[in-house]
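This briefing examines a single protein chain and is arranged by topic. Please keep the structure in view while reading.

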Amino acid sequence: MPQIPEKIHELTVGQLAARSGAAVSALHFYESKGLISSRRTSGNQRRFGRDALRRVAFVRAAQRVGIPLATIREALAALPEERTPTEEDWARLSESWRSELDERIKQLNRLRDHLTDCIGCGCLSLETCVLSNPDDVFGERHTGSRLLVERRGSATTPTTGGGRPGPARDRGE
């Protein structure tokens, strides 16, 4: 791993990539999402403060355990500007993320346990399929052969076959 002299307080994107193990494209993506920041030189080159190393490590560790980038950005935004996340920051944030991770683990275990049922039957019945309609939640809200997705207000958008959302749901509306 290339060593950066202590007197250098800013890193090029290449140096940050080499030290952090993240691809340059990932660093550009992190910057576009507000997870790290840089300044531009007079030649329009990015320069990152040394604190970006710890922030990148923080982001990558949080991503490895399944924390969404939006949640990571909120956590980093709560820290004072230019301060690197500390061990105490990680402990506090990881504790707050624990229940979210526990819920995801529960859902994945349930999916795993019912996966062979779906493969065995192959029908993806909206009435009984535990994968596309767990606990028949759609049957409690709607009737008919086409599933309707509730949207904000009174508008609804039909889904495609098999319970998959139509275009409006794909856009997060």
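The face of helix 2 turned away from its buried side carries Ser25 and Ser32, both exposed (over 50% relative accessible area, whereas buried means under 20% and partly exposed lies in between; 1.4 Å probe, protein chains only). Helices are DSSP runs of H or I with at least four residues, strands are runs of E with at least two, and both are numbered from the N terminus. This is a predicted model, in which local features need pLDDT of at least 70, side-chain atom pairs count only at pLDDT 80 or more, and totals for chains, interfaces and linings use all residues. Residues are numbered from 1 along each chain as its sequence is written, and side-chain values use heavy atoms, with hydrogens and water left out.

**Buried side of helix 2**

- In helix 2 (residues 24-32), the buried residues are Leu27, Tyr30 and Glu31.
- These residues lie on the same side of helix 2 because they cover an arc of only 100° around the axis, the arc being that of the directions from the helix axis to the C-beta atoms.
- The cover over the buried residues of helix 2 includes helix 1 (13-20), strand 3 (46-49) and helix 3 (51-64).
- Gly34, which follows helix 2, has a positive phi near 80°.

- Beyond residues up to four places away in sequence, Leu27 is in contact (heavy atoms within 4.5 Å) with Val13, Leu16, Ala17, Ser20, Ala22, Ile36 and Val56.

**Ser20**

- Ser20 belongs to helix 1 and has a relative accessible area of 18%, so Ser20 is buried.
- A polar atom of the Ser20 side chain lies 2.7 Å from the backbone oxygen of Leu16.
- Apart from neighbours within four places in sequence, Ser20 touches Leu27, Leu53, Val56 and Arg60.

**Confidence**

- The protein chain has a mean pLDDT (the predictor's confidence in each residue, from 0 to 100) of 75, and 61% of its residues reach 70 or more.
- Confidence in the protein chain is highest in helix 2, at a mean of 95, and lowest in helix 7 (residues 167-170), at 42.
- Residues 144-173 have pLDDT below 50, and this stretch has 33 contacts in the model beyond near neighbours in sequence.
- Where pLDDT is low, the predicted coordinates should not be read in detail.

Definitions and conventions
A polar contact is a pair of N or O atoms within 3.5 Å; within protein, one must be able to donate a hydrogen and the other to accept it, and residues adjacent in sequence count only if both atoms are side-chain atoms.
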